[in-house]
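Colleague: I would like to learn how to read strands and helices in a model. Could you take me through one?

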Amino acid sequence: LGIALPIVIPLAGFWAGSQLDEQFFPPADRDQFQIELRLPVQTPMSKTREAVLLARSVLHEHPEVTAVHWFLGKSGPKFYYNQMAGKDGSPFYAQALVQLHSPEGAAALQRAVQVELDRAIPAAQVIVKAFEQGPPFDAPVELHILGPDLRRLRELGDQARAILASVTNVTHTRSTIVEGQPKLFFDVDEEAAQRAGLTS
């Protein structure tokens, strides 16, 4: 018995450890989840608001949802300790906090809402995600490609996105090199401007 007991206890511990989920920072067991909605960067706030109203109606079709709080054109206040901010002044962006009756079934609801919002708003990138423990991050998988040529970086980024999009459990991919806002340039006729009493 003295020999068997010291052997059985560690073996039982190894067996119990193999039954645990392999995730270093597991999702928080909360009755809430968050949504990020991104449209193309040149999208005006009015179009973002239309997309948000459509997303809101999709969410309220689920009886588990008690409230939805949207923040348009910016990140919401930090309602969880590891949230990332920095989206202020972004009319193409919106963030939501979704409140549920209870945490039971939250993961299944998030998956269902993700599919429904992808279908309802195909022009937007909608990411439904749980609150997770650990340090803040933009995405669970990030690739950093460095180099001096922006055109080549964009090409490589598109190739990486295509590869990632073919992976079964990847929901969305996004490149941080985005097209800039449209710009308008004036070619001023200096002589005509001076005759009119104007300067460039």
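Modeller: We will look at a strand, then at a pair of helices. This is a predicted model, where local features need pLDDT of at least 70, side-chain atom pairs count only at pLDDT 80 or more, and totals for chains, interfaces and linings use all residues. Residues are numbered from 1 along each chain as its sequence is written, and side-chain values use heavy atoms, with hydrogens and water left out.

Colleague: Which way do the residues of strand E1 point?

Modeller: In a regular strand the side chains alternate between the two faces of the sheet. Here Gln32, Gln34, Glu36 and Arg38 point one way from E1, and Phe33, Ile35 and Leu37 the other way. Strands (E, at least two residues) and helices (H or I, at least four) are DSSP runs, numbered from the N terminus.

Colleague: Why is E1, residues 32-38, largely enclosed by the rest of the structure?

Modeller: Because seven of its seven residues are buried (under 20% relative accessible area, 1.4 Å probe, protein chains only).

Colleague: Which strand pairs with E1 over seven bridges?

Modeller: Strands pair if DSSP finds at least two bridges between them. E3 (residues 93-100) pairs with E1 in the antiparallel sense, with isoleucine 35 opposite alanine 96. E4 (residues 125-129) is also antiparallel to E1, joined by five bridges; there glutamate 36 has isoleucine 127 as its bridge partner.

Colleague: Which residues of H2 meet H3?

Modeller: Contact means heavy atoms within 4.5 Å. Leu54, Ala55, Val58 and Leu59 in H2 meet Val113, Glu116, Leu117 and Ala120 in H3.

Technical notes: Buried < 20%, exposed > 50% of the residue type's maximum accessible area, 1.4 Å probe, protein only.
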